Amino acid sequence: MVKSRVAENGRQIKRGNKKKKRKVLKIFLFVLLFFIIILGAVGGKVYFDLKTAVTKAYVNPPTQMTSISLKKKEPFTTAILGISKIDGKDVLVSANLAATNPRLQQTTVINLSTSAILPDKQTLLTLYNSKGEAAVIKEMEKLLQVKINKFVGRNFDQMGELVQAIGGVSIQNANEFSAQGFKFPQGTVALNKAEEVAAYFTLLNAGDTKKAFARQQEVVMAVVSKLKSPRVLIRHYGQILTAFPKVFKTSFNFGNVKALALNYNGAIRIKKINVRSSKVAGQSEVTAISQSNLDLAKITISRKFKIKRKKSLDKHLMIFL
């Protein structure tokens with residue numbers, strides 16, 4: 001009975017993924033790919049610039065994390081939190097867990113909705129508002145029953161710096177609007193300057209939150225697409241490295257990056273999983289994540305990617321095996 005319910009939930013998640021096609025933000029991993037290319041290709045000034053950029057981006061993690069040896073090629077997990085200012089207040093707009101396994105040559109990114117109600121009746125968004133990044137990371141560990149090893153923070157409001165660094169992007173704008181002195185027509189729009197991107201991300205009114213987030217997603221994925229090009233990386237490497245610490249803060253130090261370049265270059269292949277949320281009856285704008293869908297995500301991490309898990313998950317998994 002339980003097996004059939006899990007299988008049915010699995011099919012529902014797959015159908016939800018096919019319908020939504022919501023793309024997870026992967027810029028950090030692609031920039032790491034850039035690091036790998038640069039480290040393997042040249043030295044001297046480029047090496048120094050790279051070290052400088054990583055050092056500027058380095059921060060102590062918001063909370064104590066389980067240590068991992070990248071030199072020993074151990075699988076590891078990374079909490080990736082995206083922050084944006086809305087009405088002058090920092091807001092958690094994305095929360096992902098990346099599980100990286102060099103043996104399988106794959107990184108799996110699990111996306112959790114920040115606004116969906118969790119089984120403990122709170123949301124990651126409200127948790128961030130009240131207790132900050134540390135509390136969100138601890139909640140992700142509890143929800144997915146996995147120990148988190150690394151941290152990456154993304155500042156969406158500085159994304160324009162990266163857009164400018166790579167020579168601009170073209171995106172498809174769904175609705176014509178004006179903001180901060182810039183006019184954005186419907187259809188193809190070229191964004192070249194950081195100021196243009198900041199204006200494009202402007203929250204137009206109280207009901208514009210979802211559309212503003214969609215605009216952010218569109219720009220981010222356009223950046224990701226350009227960062228896949230070795231030509232763009234090589235041509236703009238200096239500007240990219242200058243923009244990198246403005247957009248990202250991370251607990252990966254320069255030694256970690258070198259270890260990633262040597263030991264994890266194959267794991268840049270990305271698989272994405274959305275933990276499905278469903279509408280709450282009688283509340284059209286409210287969604288919730290069920291325990292069964294969280295259980296499926298936990299099983300994926302534990303069985304397929306061999307990430308070290310908390311002992312409390314072992315007994316739980318026996319129900320499904």
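Q: Which residues is Val286 in contact with, leaving aside its neighbours within four places in sequence?
A: Ile117, Ser278, Lys279 and Val280. Contact means heavy atoms within 4.5 Å.

Q: Before I go on, what am I looking at, and how is it numbered?
A: It is a predicted model: local features need pLDDT of at least 70, side-chain atom pairs count only at pLDDT 80 or more, and totals for chains, interfaces and linings use all residues. Residues are numbered from 1 along each chain as its sequence is written, and side-chain values use heavy atoms, with hydrogens and water left out.

Q: Back to Val286. Where is it found?
A: In strand β12, residues 283-288. Helices (H or I, at least four residues) and strands (E, at least two) are DSSP runs, numbered from the N terminus.

Q: How exposed is Val286?
A: Val286 is partly exposed, at 22% relative accessible area. Buried means under 20%, exposed over 50%, partly exposed in between (1.4 Å probe, protein chains only).

Q: And how far is Val286 from Ser115?
A: Their C-alpha atoms are separated by 8.0 Å. Along the chain they are 171 residues apart.

Q: New topic. Where is Ser251?
A: Ser251 is in the loop between β9 (248-250) and α10 (254-263).

Q: Is Ser251 buried or exposed?
A: Buried, with a relative accessible area of 6%.

Q: What is Ser251 in contact with, sequence neighbours within four places aside?
A: Tyr58, Val59, Pro61, Lys150, Phe151 and Asn256. For Phe151 there is a distance too: its backbone nitrogen lies 2.9 Å from a polar atom of the Ser251 side chain.

Q: Let's look at β5. Which side chains point to which face?
A: They alternate along residues 169-173. Val169, Ile171 and Asn173 point to one face and are buried.

Q: Why would side chains alternate?
A: In a regular strand the side chains alternate between the two faces of the sheet.

Q: How many bridges join β5 to β8?
A: 5, and the strands run antiparallel. β8 covers residues 187-191. Two strands pair if DSSP finds at least two bridges between them. The bridge partner of Val169 in β8 is Leu191.

Q: Now aromatics. How many aromatic pairs does the structure hold?
A: 7. One of them is Phe177 with Phe184, tilted, 5.1 Å centre to centre and 40° between the planes. Rings of Phe, Tyr and Trp (its six-membered ring) pair if their centres lie within 6.5 Å; planes under 30 degrees apart count as stacked, over 60 as edge-to-face and the rest as tilted. Both Phe177 and Phe184 are buried.

Q: And what about Phe177 with Tyr200?
A: The ring centres are 5.7 Å apart and the planes are at 35°, so that pair is tilted. It links distant parts of the chain: Phe177 is in strand β6 (177-179) and Tyr200 in helix α6 (194-200), 23 residues apart. Both Phe177 and Tyr200 are buried.

Q: Which residues form the aromatic cluster there?
A: Phe177, Phe182, Phe184 and Tyr200.

Q: Where does Arg215 lie?
A: Over the face of Phe177, at 4.7 Å from the ring centre. Arg215 also lies over the face of Tyr200, at 5.9 Å from the ring centre. The cut-offs: NZ of Lys or CZ of Arg within 6 Å of the ring centre and within 35 degrees of the ring normal.

Q: Last one. How many helices and strands are in the chain?
A: 12 helices and 12 strands. Of the 321 residues, 50% count as buried.

Key: Polar contact = N/O pair within 3.5 Å; in protein donor to acceptor, adjacent residues only side chain to side chain.
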